[in-house]
Amino acid sequence: MKVKKAVIPAAGLGTRFLPATKAQPKEMLPIVDTPAIQYIVEEAVKSGIEDIIIITGKHKKSIADHFDRNIELEMALKEKGKNDLLEIVEDISSLIDIHYVRQKEAKGLGHAIYCARTFIGNDPFAVLLGDDIVVSDKPVIQQMSEIYEEEEKPLIGAQKVPHKEISKYGVVKYDDFDYRVYDVEDLIEKPPASEAPSDLAIMGRYIITPDIFEILENTEPGKGGEIQLTDALNELAHKRDVQAYEFEGKRFDVGNKLGFLKATVEFALERKELKDEFREYLEGLIK
């Protein structure tokens, strides 16, 4: 079965970016000139996703506004002959059908996914976390969808990280693997490095089957007093085969300031109109 639906959780408070996120969503902070969440939506579209639901919270209206049409802006750009900008604006609103549901309480990622249950129904679905932007020749969700379609097993996106950093992540304990696909035994949320079963970390991309919702409905709050998606997936892995996939691509963690700055610099250096002057500026800084 093809994966045609995706969930993008975007209900967090963005406290690591205060005061910038006091009045605007963290997901709308721009990497150069494009909101972070647009990169996530574009990955889904390039991967063949046909419908997206974004889980939002209070003060997140600008996300919906961004992906909606802005007739006044379009008319103004057309009148001024700024056709290049007009095309960009029109392309954003025509990317894909996007639906929204509000997570009324901040109960964690697992609860945010549970809020999408009516939209998902009985279909497999992708989950893309907005803190993870990945640059790759083939979009990560497309890589994962191709694997899922072969065996129809829930699939967790992962990459290996330095052992000293493993306590920042959910970690995969695996039994066996074939190239980049691992058979999951257990998932452990942010273990101390000394107790981590591997260096394979969960990295913000999933393809999940709808039987996760019954588990989420009965999952007790875990670390941080929140309903953890990792806990629910771990229970699912004890009931059926679940795999982890070490995806190809360079990941930027834009959920923290340093990762956000790294993404901004590297994306700017890829922009034809910016790269030469910006590189010259950076080289001048480090002399």
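In which strand is the place of Gln243? Gln243 sits in strand E12, which covers residues 243-246. Keep in mind that this is a predicted model.

Is Gln243 buried or exposed? Its relative accessibility is 6%, and buried means under 20%, so Gln243 counts as buried. As for what surrounds Gln243, leaving aside residues up to four places away in sequence, it touches Ile147, Glu151, Lys153, Pro154, Leu155, Ile156, Val181, Tyr182, Asp183 and Val184. Arg180 is 63 residues from Gln243 in sequence, yet the two C-alpha atoms are 10 Å apart in space.

Now the backbone. Most residues other than glycine have a negative phi, and most peptide bonds are trans. Here are some exceptions.

Tyr179 is not a glycine, but its phi is positive, about 60 degrees. Tyr179 lies in the loop that runs between strand E9 (170-178) and strand E10 (181-189). With a relative accessible area of 62%, Tyr179 is exposed, because the cut-off for that is over 50%.

Lys190 also has a positive phi, near 50 degrees, and is a residue other than glycine. The loop between E10 and strand E11 (200-208) holds Lys190. Its relative accessible area is 41%, so Lys190 is called partly exposed.

Last, the peptide bond. Leu18 and Pro19 are joined by a cis peptide bond, with omega at about 5 degrees. Pro19 is in the loop between strand E1 (5-9) and strand E2 (30-31).

How values were computed
Residues are numbered from 1 along each chain as its sequence is written. This is a predicted model: local features need pLDDT of at least 70, side-chain atom pairs count only at pLDDT 80 or more; totals for chains, interfaces and linings use all residues. Side-chain values use heavy atoms; hydrogens and water are left out. Helices (H or I, at least four residues) and strands (E, at least two) are DSSP runs, numbered from the N terminus. Buried means under 20% relative accessible area, exposed over 50%, partly exposed in between (1.4 Å probe, protein chains only). Contact means heavy atoms within 4.5 Å.
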